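Me: I'm new to reading protein models and I'd like to ask how you know what you say about this one. Can we go through it together?

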Amino acid sequence: MSKHVSQSMQSSRSMPLRGVPTRLLGGSLDARSKEGEGEREGEGEVDGRDREDGTEEKKEPPAWSIVGGSVADEVLFAHQVSVQILKGSASFICGGTLIDPQFVVTAAHCVLDGNSSGFVGIPFENLTVGVGTQALEQSRRVPISQVWAHPAFNFTAFDHDIALLKLGLSLPITDKVRPIKIAVNNDTNYLAAGADITISGWGAMYQQGEAAAVLHMATVDSLPDGCSNYTPPRYSLPFDPTLMVCAGCGLGFVDSCSGDSGGPATVASESGGCPILVGTASFGERCGQVGFPGVYTRISSHLWWIESLVEDKPFGSQYPTKPTMGCDRCNWSLSACALASAATHNVSRCIIEAWLASSIRVKFEPCLFRAIDELPSNQTKKSQNTSLVDGGDTLLYASGDDRAALRGAGGTGQIFGLKQPIQAFFQPRVYNDGLYIPNGHVFFLRGNQVASSGSSTVDLAGVKVQTPFVGEVEASGEAEAVASDVGFPNWKYTWPAAISFPNRSCTPYYAYLAVFISADLSFIQVSRPIRPSIDPVIN
């Protein structure tokens with residue numbers, strides 16, 4: 001198999017993506033060329049974290065230190081991409097994972113240039129993403145339009161070693177280009193000791209080896225207690241299990257390696273569809289070395305950061321993880337389980353899961369100004385343009401002294417408040433010219449506090465739904481399916497005005513989202529939450 005820091009590509013070779021491994025020393029790429037008599041910065045061996053004294057230990061691994069990887073099926077690994085980087089006159093390769101048709105996660109150290117004292121982002125014009133094939137040099141190259149590296153990352157600790165890339169175009173979902181979703185924080189099923197984690201990449205097949213021409217994969221064990229050797233003084237900071245995942249084999253041998261940085265670590269899903277992303281390759285001690293498994297950025301701990309950058313895309317998985325056990329290559333088994341089943345999944349189902357997540361939309365319609373209850377008859381309603389203040393707690397028809405005076409008057413009359421119509425739909429309306437048409441139930445949820453995906457679970461139609469809400473969550477009745485002008489349904493619901501807070505439904509006090517549940521209850525998709533404008537449009 002293959003590993004962490006970026007893989008060098010030597011421009012003088014006929015196959016430019018096949019270079020020698022790189023090493024991070026003091027945060028910079030500092031290595032020795034194996035081609036010709038000279039030396040060139042940018043090539044060497046993987047080390048990963050800085051040591052406090054800035055030195056490196058010279059230990060030669062046995063020739064068989066990495067074994068057990070196999071060629072990956074490009075359909076089963078359609079979420080894997082390559083990230084190709086130009087730094088000055090040198091070129092490098094990392095891995096990445098497609099989490100939406102237009103977004104890729106990778107390692108922060110792949111897109112930054114610098115050292116422990118400071119670094120700058122590599123211009124996005126110097127980055128491209130390769131998709132669509134297991135053969136590295138035959139991949140379709142896609143430009144990058146925006147890059148975000150986690151602001152807390154540094155080359156000393158390697159905490160928060162994660163970056164988000166926005167592609168210059170949205171890719172069509174196919175059997176060979178297919179995004180997957182991220183494990184959520186409250187999913188406790190995954191990463192128990194011995195749980196199978198599948199890793200993949202085009203990195204080196206052995207220590208100081210060249211990049212693989214085709215995508216390779218291996219399945220290893222989750223080792224929650226296996227990275228205790230990553231501690232000071234050998235490393236500047238200890239392994240942090242809240243931000244990192246430890247994965248490999250207790251006896252070494254099977255691992256990721258140079259050039260696999262940023263690539264995926266996945267586990268199986270309870271749905272049987274798309275695998276679920278739990279980590280991105282970050283660093284390690286050489287490749288496959290006993291006592292130093294691979295370290296991966298814990299992606300669930302960074303879901304909130306990713307979703308804060310892209311407001312309208314749901315990236316968290318709606319399905320719990322259900323990792324296999326015993327299908328790893330750590331015991332040198334040649335069984336079908338060890339060779340394939342940890343990565344095997346229902347591709348047709350995965351395509352629909354990916355399409356639903358990328359296509360669900362929710363939007364508000366103008367608020368409705370309506371009478372909702374009785375009040376003293378001598379009051380008159382204010383203009384519909386009255387400002388909404390105090391999170392909607394102020395009655396639309398009265399404020400301040402006027403409201404106090406009205407409360408003391410006699411007679412009968414009406415309270416006026418605002419109702420919030422909302423609708424959900426898919427864009428595009430169907431997948432692949434009608435190959436799949438979403439048919440099912442839609443509910444709307446609202447809450448005041450929003451955190452990361454998976455913060456709470458709501459039971460709808462007998463199905464457990466992950467939501468990003470914290471605290472009280474309100475659920476609508478089933479939304480009405482209304483035929484749109486293109487013949488496919490929109491789902492609509494109008495949140496009523498409450499007598500205690502008549503305007504609140506139409507203010508930013510609430511965030512709203514839509515939940516789609518297929519007619520057979522097998523598919524679930526939740527939109528990202530949205531809040532009304534501070535100055536809503538009122539009909």
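Me: Which strand gives the largest share of the lining of the second largest pocket?
Reply: Strand β25, residues 463-467, with four residues of the lining. Keep in mind that this is a predicted model.

Me: Which residues are the closest to the centre of that second largest pocket?
Reply: Of the 14 lining residues, Glu270, Gln318, Pro320, Lys464 and Ile524 are the closest to the centre. The pocket has a volume of about 230 Å³.

Me: What classes of residue are in the lining of the second largest pocket?
Reply: There are six nonpolar, five polar and three charged residues. As for domains, domain 2 (181-316 + 344-357) and domain 3 (362-373 + 394-526) each supply at least three residues of the lining.

Me: OK, on to the cysteines. How do you know that Cys94 and Cys110 form a disulfide?
Reply: The cut-off is sulfur atoms within 2.5 Å. The sulfur atoms of Cys94 and Cys110 are 2.0 Å apart, so the pair counts as a disulfide. Cys94 sits in strand β6 (residues 90-100) and Cys110 in helix α1 (residues 108-111), so the link ties together parts that are 16 residues apart in sequence.

Me: How many disulfides does that rule give?
Reply: The count comes to six.

Me: What is a disulfide, anyway?
Reply: A covalent bond between the sulfur atoms of two cysteines.

Me: Why is the disulfide of Cys227 and Cys246 called right-handed?
Reply: Because the torsion about its S-S bond is about 85°. The link of Cys94 and Cys110, with -90° about the S-S bond, is left-handed.

Me: What makes Cys227 count as buried?
Reply: Buried means under 20% relative accessible area. Cys227 has 2% relative accessibility, so Cys227 counts as buried. Cys246, its disulfide partner, has 3%, so Cys246 counts as buried too.

Me: And how do you know that a disulfide joins Cys249 to Cys330?
Reply: Try the cut-off of 2.5 Å again. For Cys249 and Cys330 the S to S value is 2.0 Å, so the pair passes as a disulfide. Cys249 is in the loop between β16 and β17 (264-267), and Cys330 is in the loop between α2 (303-309) and α3 (336-341), so the bond ties together parts that are 81 residues apart in sequence.

Me: Are Cys249 and Cys330 buried or exposed?
Reply: Cys249 is buried, and so is Cys330.

Terms used: Residues are numbered from 1 along each chain as its sequence is written. This is a predicted model: local features need pLDDT of at least 70, side-chain atom pairs count only at pLDDT 80 or more; totals for chains, interfaces and linings use all residues. Side-chain values use heavy atoms; hydrogens and water are left out. On a 1 Å grid over the protein atoms alone, a cavity is a set of points where a 1.4 Å probe fits but cannot get out, and a pocket is an open set with protein on both sides within 12 Å along at least five of seven lines; lining residues have an atom within 4 Å of a point. Grid points are joined across faces, edges and corners, and a volume is the space filled by probe spheres set on the points. Helices (H or I, at least four residues) and strands (E, at least two) are DSSP runs, numbered from the N terminus. Ala, Val, Leu, Ile, Met, Phe, Trp, Tyr, Cys and Pro count as nonpolar, Asp, Glu, Lys and Arg as charged, and the others, Gly among them, as polar. Domain bounds come from an automatic or database domain assignment. Buried means under 20% relative accessible area, exposed over 50%, partly exposed in between (1.4 Å probe, protein chains only).
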